[in-house]
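Please look through the sequence and the model before reading the points. They are meant to be checked against what is shown.

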Amino acid sequence: MQCDVAIIGGSYAGLSAAMMLARGRRDVVILDTRAPRNRFASHSHGFFGQDGAAPRTMLETGRAKVLAYPTVRWLPDAATEARGGDNAFQVVTGEHGTITARKVVLAYGVSDVLPQIPGLAERWGKTVVHCPYCHGYELEGPQSVLAVAPMSAHQAMLITEWGPTTLFANGVAFDEATLAELARKGVTVEQARVTAIKDEATVCLEDGRALRMSSMYVATSVKPNSSIGAQLGCTTEEGRFGPYLRTDAMRATTVPGVFAAGDIIRDMHNATFASADGVMAGASAHRELVFGAM
Ligand SMILES: Cc1cc2nc3c(=O)[nH]c(=O)nc-3n(C[C@H](O)[C@H](O)[C@H](O)COP(=O)(O)OP(=O)(O)OC[C@H]3O[C@@H](n4cnc5c(N)ncnc54)[C@H](O)[C@@H]3O)c2cc1C
């Protein structure tokens, strides 16, 4: 199968890239395994014009709009490998053979690595969350932050904007200055280790106490969903939460002909950024098809 651009990942970033290329009348193949990062949440917030929509609905609508263009093909399949160079890439798929493409857009997203605490994973995206802008407005009541690193103190201080906050240190040490700042912001710090999460977001502690909370914030670390960026030789940066691919303002990676967008290229993640990155990556890939490398 041949195309102008192969897009790996068909969510906020990948579909936005596809839209630019479709409107440029280019042949596009989108590969997608249908596991967007926010699939655990029932509602998505903060996306322009879509606040409160279900992620599944947003993506189904986005996919239908893109697939209305006749030059776009959608394969519900994984890209397992990619090789080659500018104007001659080969993308190997799980079930659809090898795709040859002149340009590649990487948009395969990241996965959250959750702390191993009984009851936490089951509540992920519901009452255990990472982003107050995504969930904070709806999650009323006593809130908590599970510390995973010293920077969790800053998360706890920010969260006070949404309500009373307890920081569970869970073995993370905070210096005196940070503890004083937390106290000034009104954050309660609990030193006993967390053993489980139950009910809504009640936090069970090693000393037998169970503190009723309505939400728990945790800054997860993330890992890319695929090694294809690395396989192609794209340079990686180390971010606060995990590695990401280096891109320039045009969303070109360090490898000619390879563009990237979404959570895999940035330290701060949300659907709007991912979509905006995708628009830029798609338009940049199109411009290179027209003018050659810029
Ligand atoms: C619980 C939770 C709630 C969130 N809520 C919000 C919110 O309310 N508002 C907001 O703006 N942001 C929210 N986010 C963040 C948002 O989900 C991400 O920023 C956004 O999904 C990133 O888009 P993306 O296109 O880069 O990646 P993703 O949406 O993760 O999509 C990547 C796609 O690539 C596919 N894929 C992966 N590997 C391959 C492969 N090898 N081959 C083919 N396809 C592949 C996946 O199946 C997936 O469909 C939330 C995140 C979480 C974890």
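This is a predicted model: local features need pLDDT of at least 70, side-chain atom pairs count only at pLDDT 80 or more; totals for chains, interfaces and linings use all residues.

1. Residues are numbered from 1 along each chain as its sequence is written, and side-chain values use heavy atoms, with hydrogens and water left out.

2. Domain 1 covers 2–112 + 221–291, and domain 2 covers 115–217; the bounds come from an automatic or database domain assignment. Taken over C-alpha atoms, the domain centres are 33 Å apart. In the contact (heavy atoms within 4.5 Å), domain 1 has 7 residues and domain 2 has 9 residues.

3. About 720 Å² is buried between the two domains, 61% of it on carbon and sulfur atoms. Buried area is the accessible area (1.4 Å probe) that two parts lose on being put together, summed over both. Of the area that domain 1 buries against domain 2, Phe40, His45 and Asp112 supply 59%, more than any other three residues.

4. How many salt bridges are there between domain 1 and domain 2? The count is 0, where a salt bridge is a side-chain nitrogen of Lys or Arg within 4 Å of a carboxyl oxygen of Asp or Glu.

5. An open sheet has 5 strands in the order S8-S15-S9-S10-S11, with parallel pairing. Strands are DSSP runs (E, at least two), numbered from the N terminus, and two of them pair if DSSP finds at least two bridges between them. S8 (128–129) and S11 (188–190) are the edge strands, each pairing on one side only. S8 pairs with S15 (residues 215–217) over 2 bridges, and valine 129 stands opposite tyrosine 217 in S15.

Key. Helices (H or I, at least four residues) and strands (E, at least two) are DSSP runs, numbered from the N terminus.
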